[in-house]
Amino acid sequence: MAGPGAQKIGARSGPERETLRLDKWLWQARFFKTRALAAGMAESGHLRINGQPTRKPGAGVAVGDVLTFPQASRIRVVKILALGLRRGPAPEAQMLYLDLDERDAASDPLE
């Protein structure tokens with residue numbers, strides 16, 4: 001399900017896996033309004049891929065990777081389920097990831 005910007009990595013380190021630029025994936029998944037904002041988040045050093053900090057907007061992400069980053073007033077922890085083909089509508093974008101910190105609104109005393 002990866003688009004034309006996807007790459008394959010890992011030829012020497014095991015099985016190949018398709019990757020997509022971090023900034024492009026964050027934009028396609030609709031976490032940021034523009035790719036420039038997504039790239040800025042990566043460059044700020046406040047984003048982690050599988051627990052490892054990165055400052056590279058072009059870092060490759062793949063299915064199964066876990067991203068941790070601040071967004072508005074909360075820390076997002078998401079697992080990548082798909083790379084996507086385009087920046088589609090919100091329901092399509094939500095199928096690209098699993099929110100690992102999703103709280104049930106009924107059990108949250110703050111809401």
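Here is a quick tour, from the overall layout to some charged pairs.

## The overall layout

Keep in mind that this is a predicted model. The protein has 3 helices and 8 strands, and along the sequence they come in the order β-β-α-α-β-β-β-β-β-α-β.

Of its 111 residues, 35% count as buried. The accessible surface comes to about 6,900 Å², with 53% of that belonging to carbon and sulfur atoms. If you take the contacts between residues at least 6 apart in sequence, 41% of them join residues at least 24 apart.

## Charged pairs

Side chains of opposite charge can pair when their charged atoms come close. The structure holds 6 salt bridges. One of them pairs Asp23 with Arg35, with 3.6 Å between the closest N and O atoms. Asp23 sits in helix α1 and Arg35 in helix α2, so this pair ties together parts that are 12 residues apart in sequence. Asp23 is buried at 4% relative accessibility, while Arg35 is partly exposed at 31%.

Another salt bridge joins Arg76 and Asp99, whose closest N and O atoms are 3.2 Å apart. Arg76 belongs to strand β7 and Asp99 to strand β8, so the pair links parts 23 residues apart in sequence. Arg76 is buried, at 10% relative accessibility, and Asp99 is buried too, at 13%.

## One more pair, and a network

Glu92 and Arg86 also meet in a salt bridge, at 2.7 Å from N to O. Glu92 is partly exposed at 29% relative accessible area, and Arg86 is partly exposed at 48%. As for the network, salt bridges with shared partners join Arg21, Asp23 and Arg35.

Terms used
Residues are numbered from 1 along each chain as its sequence is written. This is a predicted model: local features need pLDDT of at least 70, side-chain atom pairs count only at pLDDT 80 or more; totals for chains, interfaces and linings use all residues. Side-chain values use heavy atoms; hydrogens and water are left out. Helices (H or I, at least four residues) and strands (E, at least two) are DSSP runs, numbered from the N terminus. Buried means under 20% relative accessible area, exposed over 50%, partly exposed in between (1.4 Å probe, protein chains only). Contact means heavy atoms within 4.5 Å. Accessible areas come from the Shrake-Rupley method with a 1.4 Å probe; for residues, only the protein chains shown count as cover. A salt bridge is a side-chain nitrogen of Lys or Arg within 4 Å of a carboxyl oxygen of Asp or Glu.
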